[in-house]
Amino acid sequence: MIPATGREVRLVARPVGEPDPSDFELAQAPVREPDEGEILVRNEWISVDPYMRGRMNDVKSYTPPFKLGEPMEGGAVGTVIASRSKIPEGATVLHGLGWREYATLDAGSARPVDPERAPAQAYLGVLGMTGLTAYAGLTEIAPVQDGDVVFVSGAAGAVGGVAGQIARRLGASRVIGSAGGPEKAAKLTKDFGYDAAIDYREGELERQLSEAAPNGIDVYFDNVGGDHLRAAIAVLNTYGRVAMCGAVSQYNKTKPDPGPDNLFQAVGKRLTLRGFIVGDHQKLMGEYVQRASGWLREGSFHTEETVVEGIDNAVDAFLGMLKGRNVGKMLVQLK
Ligand SMILES: NC(=O)c1ccc[n+]([C@@H]2O[C@H](COP(=O)([O-])OP(=O)(O)OC[C@H]3O[C@@H](n4cnc5c(N)ncnc54)[C@H](OP(=O)(O)O)[C@@H]3O)[C@@H](O)[C@H]2O)c1
């Protein structure tokens with residue numbers, strides 16, 4: 001049965017600095033029946049991600065800004081409840097119309113996924129964009145070579161939680177992670193397979209990193225930017241490589257920090273600092289999913305999720321993720 005209405009989260013004001021719950025509105029909207037070639041999906045899992053903060057600003061970027069007064073977009077997984085396409089009713093699909101309970105969309109922009117192979121929400125995390133980001137960064141952008149010492153920031157998060165484990169499988173001899181607070185730092189070595197952990201809230205990042213990597217680092221997977229990038233440049237070895245994945249420490253700043261004051265070391269050390277966007281590396285998805293599914297089946301790949309229930313708590317989940325309230329992938333489960 002197709003419901004008459006469903007709830008959706010709209011952006012109603014552009015945040016300045018840290019977003020406020022009043023920048024968003026939970027609204028009731030009519031559910032549209034699918035036209036020819038379309039499907040109607042009941043969303044079961046929606047993803048909240050740091051990049052969405054950038055889409056709340058009215059600036060030119062690699063993705064267009066969210067429109068004010070309209071539902072936001074983002075990764076979602078759900079069940080097809082009506083179809084006028086080749087995708088049958090009952091199929092589980094991954095698509096880009098999150099932040100709402102029901103989505104009517106072109107079948108061509110949805111990807112059927114197999115919930116028998118992995119839990120449906122894994123396609124938003126370890127077997128989806130998140131996992132692929134870590135894999136692309138460590139294979140194509142700053143390729144890990146045998147014996148490398150690898151440093152990952154944001155190491156207890158969605159991308160960082162898998163990045164360290166992937167680095168190890170690619171041949172890293174030592175993997176160091178950083179996260180905020182003693183509990184998360186402890187989890188890095190206990191659960192996420194890191195050899196050494198840094199609690200960045202203790203400060204003195206460069207000293208902590210030098211102690212954790214007495215012979216320097218060869219690869220830095222940067223999720224955080226700012227002071228983390230500065231410390232990594234200081235400790236990187238000659239010909240070191242940096243995968244510039246994100247800069248979450250800067251997203252809520254009205255005036256972002258200036259670039260690292262030691263950037264000139266990149267010359268003497270012949271460093272490579274390279275940014276990337278996961279969408280450009282979709283061709284790796286098949287290879288990555290095959291490898292990651294194997295690691296998951298063996299039980300040797302540790303993943304975690306932080307699950308918030310209900311669309312009415314989706315904004316809290318997003319704001320909490322930016323403050324570090326998640327371990328592993330932050331997800332919203334819709335009933
Ligand atoms: N390039 C791409 O295509 C691509 C794709 C996906 C994600 N990304 C980027 O990858 C990074 C991680 O994304 P994710 O989805 O895995 O998110 P996540 O790490 O699961 O969640 C965000 C984390 O950021 C950390 N954080 C917040 N403020 C911080 C600060 N001031 N300093 C240090 N850490 C801070 C928090 O962890 P703590 O508790 O440790 O502070 C929080 O858990 C983000 O920068 C994101 O933009 C890039």
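Before you click, a word on the numbers: residues count from 1 along each chain as its sequence is written. This is a predicted model, where local features need pLDDT of at least 70 and side-chain atom pairs count only at pLDDT 80 or more, while totals for chains, interfaces and linings use all residues.

**Stop 1: the whole chain.** Show the protein chain as a cartoon and you'll find nine helices and 15 strands. These are DSSP runs (helices: H or I, at least four residues; strands: E, at least two), numbered from the N terminus. Along the principal axes, the C-alpha atoms fill a box of roughly 65 × 45 × 35 Å. Of the 335 residues, 47% are buried; that word applies when 20 or more other C-beta atoms lie within 10 Å of a residue's own, exposed means 12 or fewer, partly exposed is in between, and C-beta atoms are placed from the backbone.

**Stop 2: the ligand.** Select the ligand and the 30 residues around it; Gly 157, Ala 158, Gly 180, Gly 246 and Gly 324 come nearest. To be near, a residue needs its C-beta atom, placed from the backbone, within 6 Å. Now colour α2 (129–141), α3 (158–169) and α9 (314–322), which each supply at least two residues of this shell. The largest share, three residues, comes from α3. Next, colour domain 1 (5–125 + 303–333) and domain 2 (134–279): both give residues to the shell, so it lies between them. Those bounds come from an automatic or database domain assignment.

**Stop 3: two loops.** Go to Trp 99, in the loop between β5 (92–95) and β6 (102–106). Its phi is near 65°, positive in a residue other than glycine. Buried or exposed? Trp 99 counts as buried, because it has 29 C-beta neighbours inside 10 Å.

Finally, pick Glu 204, in the loop between β10 (196–199) and α5 (205–212). Glu 204 isn't a glycine, yet has a positive phi of about 50°. With 12 C-beta neighbours inside 10 Å, Glu 204 counts as exposed.
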